[in-house]
Amino acid sequence: MAQVTFALLLILLLGAQLGAATFKICAFNIRSFGRAKAANQRVMGALVQILSRCDISAVQEVRDAKGSAIRILLWELNRYDSSHHYSHLESKRLGRGSYKEQNVFVYRTDVVSVTDWCQFGDKDAGDSQDFARGPFAARFHSPSTAIMDFVLLSHHTSPREAAHELDLLFGVCMELMQRWKTQDVMLLGDLNAAGAYIPASAWAGIRLRSHLAFHWLISDREDTTVSHRTCCAYDRIVAHGEELLNAIVPRSAKAFNFTQALGLSEEEALEVSDHYPVEVNLRLAPKAQREL
Ligand SMILES: *[C@@H]1O[C@H](CO)[C@@H](O)[C@H](O)[C@H]1NC(C)=O
């Protein structure tokens with residue numbers, strides 16, 4: 001009897017492990033991440049716990065002209081999770097005026113590599129000059145996932161121009177597909193794609209939304225905000241391409257409630273950010289799963 005119980009337990013444990021054996025991608029607007037936050041031990045403790053769950057994180061709102069905050073974050077992350085090695089790829093400092101922010105991909109170099117990247121918003125990038133902050137794209141090669149090569153497009157829209165920028169992102173996706181000869185593009189980030197920023201009447205004019213090839217994995221009903229007073233799906237993940245869609249674990253896309261997961265009060269959570277990360281899992285390739 002004890003042996004049967006033990007065998008059952010083993011199966012459950014193995015099952016749980018296989019269940020966990022996926023590849024996680026997230027987008028996380030870490031509200032105004034600069035040196036003040038990098039010097040706050042409580043905030044950094046929460047950030048490394050959140051980011052170490054993911055193989056690739058599209059970190060947004062990095063605000064530090066000297067670039068030391070992101071280096072400290074990487075250093076802390078590598079110290080916290082020594083089972084992987086984390087590196088990062090950062091965008092230019094983006095913004096029209098003196099207010100600048102950066103998009104940064106943080107990724108595990110032992111599981112995934114960057115093969116190319118592209119910054120929109122440069123003079124030669126056509127109509128993408130209409131973005132308040134140019135979108136930032138990177139091409140990833142990931143040998144262990146069901147899809148090995150895919151593009152991530154990280155963008156933080158300007159709230160007041162969110163509807164217009166969302167529509168422009170359709171063109172950016174098309175351009176990326178042509179440039180890199182792939183269909184498999186995932187757009188992710190704080191798109192401000194909810195609430196007062198997108199009037200109900202604006203949705204019909206947003207090609208990214210009306211075109212059926214783009215799949216919005218985070219629904220309008222999701223709450224990606226930390227504050228109890230707001231309930232908005234600002235942060236989104238939008239996927240395009242058959243191979244990419246087939247590699248996505250069904251129903252894995254969600255906001256990660258770190259208030260709950262880390263047992264924080266609302267106030268403590270808001271110190272970390274006013275946004276929850278949005279995340280999605282990719283299946284591992286059969287071969288990689290067998291090797292476990
Ligand atoms: C997140 O978790 C906290 C704590 O359990 C809860 O009060 C809050 O409603 C949750 N927020 C969302 C958006 O699910």
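The buried residues of α4 pack against β1 (23-33), α2 (35-38), α3 (41-51), β2 (56-62), β3 (86-90) and β4 (102-108). Helices (H or I, at least four residues) and strands (E, at least two) are DSSP runs, numbered from the N terminus. This is a predicted model: local features need pLDDT of at least 70, side-chain atom pairs count only at pLDDT 80 or more, and totals for chains, interfaces and linings use all residues. Residues are numbered from 1 along each chain as its sequence is written, and side-chain values use heavy atoms, with hydrogens and water left out.

The buried set in α4 is Ser-68, Ala-69, Ile-70, Leu-73, Leu-74, Glu-76 and Leu-77; buried means under 20% relative accessible area, exposed over 50%, partly exposed in between (1.4 Å probe, protein chains only).

Now the partner helix. Gln-41, Met-44, Leu-47, Val-48, Gln-49 and Leu-51 of α3 meet Ile-72, Leu-73, Glu-76, Leu-77 and Tyr-80 of α4, contact being heavy atoms within 4.5 Å. The angle between α3 and α4 is about 65°, and their axes lie 9 Å apart. Those axes are lines fitted to C-alpha atoms, for helices over the stretch in contact, with angles from 0 to 180 degrees between N-to-C directions.

Last, Glu-279, which sits in strand β12 (residues 278-282). Is Glu-279 buried or exposed? Glu-279 is buried, at a relative accessible area of 1%. Beyond neighbours within four places in sequence, its contacts include Lys-24, Arg-53 and Phe-256.
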